[in-house]
Amino acid sequence: MNYAIVFRLLGYVLMIEGALLLLPAAASLVYGEWMVLGVFLLTAAVSAGIGYALHTIKPRSKVFYMREGFAATSLCWVFISVIGAVPFVLTGCIPNPVDALFETVSGFTTTGASILPAVEGLPNGILFWRSFTHWIGGMGVLVFLLSLLPLTGGSHVNLMKAESPGPQVDKLVPKVQSTAKILYGIYFALTMLELVFLLIGRMPLFEALLTAFGTAGTGGFGFRNDSFGSFSPYIQWVVTIFMILFGVNFNAYFLLLMRKFRRAAASEEVRGYFVVIAVAVGIITANIYSMYNSFGEALRQAAFQVGSIITTTGFSSCDFDLWPTLSKEILVMLMFIGACAGSTGGGIKVSRFLILGKTLAKELKTALHPQVVAPARMDGKLLNHETIRTTNVFIAAYIFIFAASFFLISLNGFDMVTNFTAVAATLNNIGPGLEMAGPMQNFGCFADPAKLVLIFDMLAGRLEIFPMLVLFMPDTWRRF
């Protein structure tokens, strides 16, 4: 383990977090929240100070591999969450440190699960920070670091692989830094585009910013107690469309920018993603039609919730826990499917389900015709053994973590639906579940040990499981 390079990267990230904390401080200054302003400035100074101290560590070797990439990624996400929780505690908005950590991890991992029963009384600076953590975590803090710093001497794609979602991570252009800049450019442009459409709908600037942050990061922290239930149909449609857009693989947007329209349209994952959305919206609309005044309203509610759940955003426009069982079952299934790889969404990812389906078809053909060679292909390219193997291992690890978490939080004594959907909502970075963890409820009912389990689930889900698991392997920390 190259400890020096890991600590140096951690130092860079903490300095960046210190700088980013100045934005909610500015929001507090604008609204005259002087105590909150002081807390943010103090936290920013501490984060930057610790980061600068770690940054001064000079590594003998700047080369790092997947082990360092996984360790650096996991530690960076843990430390930024701990620092990010400090303002909640010091302002008294969330005095319990475990609750504050839960809220912050939920923000950075773009989960959107909250322990707060009401949010409308919170200071504007705190509301800004809650939603801004979604935007920071949506594309990834290390991808942001790679876009800013000309890191040299190492295999820096290992950092991107450790943090970026999906079974495989490809560079859009030969240089990793250029790839990171392109990704953040697309991310920023889509965020600004949504902000413009929200302002056209006469949403106040502050609320529009929070909405854009949450939608872009597919996070889901609301700034009203009913989430988006009280907003106009126009605002709900804008948010629905952009939730779905941010769930698309960003490689497709890059291809569109390069005017490679056929390659963008040929993506099996993107096509499958939109097919799943269309089918789910159609079935749910028919199922809930009798509950609403018109077909248009039923369609809007169905589209909003399907877009929110499959992209793992977690916003809600109604209490879908009151919907018929069929509709709720479809939403639970969408929790596991998730968005596209290479997007800001969570879940298992559409691409992994396609790979599993193609692998199953290949094995069935081989079982029937042992002499026939039946290769599995994705987007016209042969699926290599490594991609299939890592997909299978990911699913196995996912099932193991899900089962263990489900068992551990059941010690709270809540019903099975609450426990199952609470784990599904956190491990898949969704936000709301059903019953006591439903869209109009919160996670404050869980005991602290259960919250710690769910905190791990949120981090494991955002970082695609492996970076968090390697922290517990002794070989990770040995010097070679």
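Select Thr 218 to begin, a residue that lies in the loop between H10 and H11, where helices (H or I, at least four residues) and strands (E, at least two) are DSSP runs numbered from the N terminus. At 0% relative accessibility Thr 218 counts as buried, a word that here means under 20% relative accessible area, with exposed meaning over 50% and partly exposed in between (1.4 Å probe, protein chains only). The phi angle of Thr 218 is near 45°, a positive value in a residue other than glycine.

Before going on, note that this is a predicted model, in which local features need pLDDT of at least 70 and side-chain atom pairs count only at pLDDT 80 or more, while totals for chains, interfaces and linings use all residues. Residues are numbered from 1 along each chain as its sequence is written, and side-chain values use heavy atoms, with hydrogens and water left out.

**Aromatic rings**

A pair of aromatic rings is described by the distance of the centres and the angle of the planes. Rings of Phe, Tyr and Trp (its six-membered ring) pair if their centres lie within 6.5 Å, and planes under 30 degrees apart count as stacked, over 60 as edge-to-face and the rest as tilted. By this rule the count comes to 35 aromatic pairs. Select Phe 228 and Phe 304, whose ring centres are 6.1 Å apart with the planes at 45°, so this pair is tilted. The pair links distant parts of the chain, since Phe 228 is in the loop between helix H10 (205–216) and helix H11 (233–246), while Phe 304 is in helix H15 (residues 295–310), 76 residues apart. Both Phe 228 and Phe 304 are buried.

Next select Phe 406 and Phe 420, an aromatic pair that is edge-to-face, with 5.9 Å from centre to centre and 85° between the planes. Phe 406 belongs to helix H18 (residues 385–409) and Phe 420 to helix H19 (residues 416–427), and this pair, 14 residues apart, also links distant parts of the chain. Phe 406 has a relative accessible area of 24% and is partly exposed, and Phe 420, at 30% relative accessibility, counts as partly exposed too.

For a group of rings, select the aromatic cluster whose members include Tyr 31, Phe 128, Trp 135, Tyr 184, Phe 213 and Tyr 253.

**Charges over rings**

A charge sits over a ring if NZ of Lys or CZ of Arg is within 6 Å of the ring centre and within 35 degrees of the ring normal. Select Arg 130 and Phe 221, where the charged end of Arg 130 sits over the ring of Phe 221, 4.0 Å from its centre. Then select Arg 352, which lies over the face of Phe 394 at 3.7 Å from the ring centre.

Select Ser 106 in helix H5 (residues 97–108), which counts as buried at 0% relative accessibility. Contact means heavy atoms within 4.5 Å, and, leaving aside neighbours within four places in sequence, Ser 106 is in contact with Thr 111, Gly 112, Ala 113, His 134, Phe 221 and Met 458.

Move to Glu 269, whose place is in helix H14 (residues 268–288) and which is buried, with a relative accessible area of 5%. The C-alpha atoms of Glu 269 and Arg 352 are separated by 9.1 Å, although these residues are 83 residues apart along the chain.

Now select Met 243 in helix H11, which is buried, with a relative accessible area of 0%. Not counting residues up to four places away in sequence, Met 243 touches several residues, among them Thr 215, Tyr 273, Phe 304 and Phe 315.

**Cavities**

On a 1 Å grid over the protein atoms alone, a cavity is a set of points where a 1.4 Å probe fits but cannot get out, and lining residues have an atom within 4 Å of a point. A search of the whole structure finds two cavities of 30 Å³ or more, a volume being the space filled by probe spheres set on the grid points.

The largest cavity has a volume of about 50 Å³ and is lined by 12 residues, of which Thr 344, Gly 345, Gly 346, Asn 429 and Arg 462 lie nearest its centre. Select Asn 429 there, in the loop between H19 and helix H20 (448–462), and see that Asn 429 has a positive phi of about 60° although it is not a glycine.

The tour ends at the second largest cavity, with a volume of about 40 Å³, which is lined by Gly 347, Ile 348, Phe 394, Tyr 398, Leu 427, Asn 428, Gly 461 and Ile 465.

Key: On a 1 Å grid over the protein atoms alone, a cavity is a set of points where a 1.4 Å probe fits but cannot get out, and a pocket is an open set with protein on both sides within 12 Å along at least five of seven lines; lining residues have an atom within 4 Å of a point.
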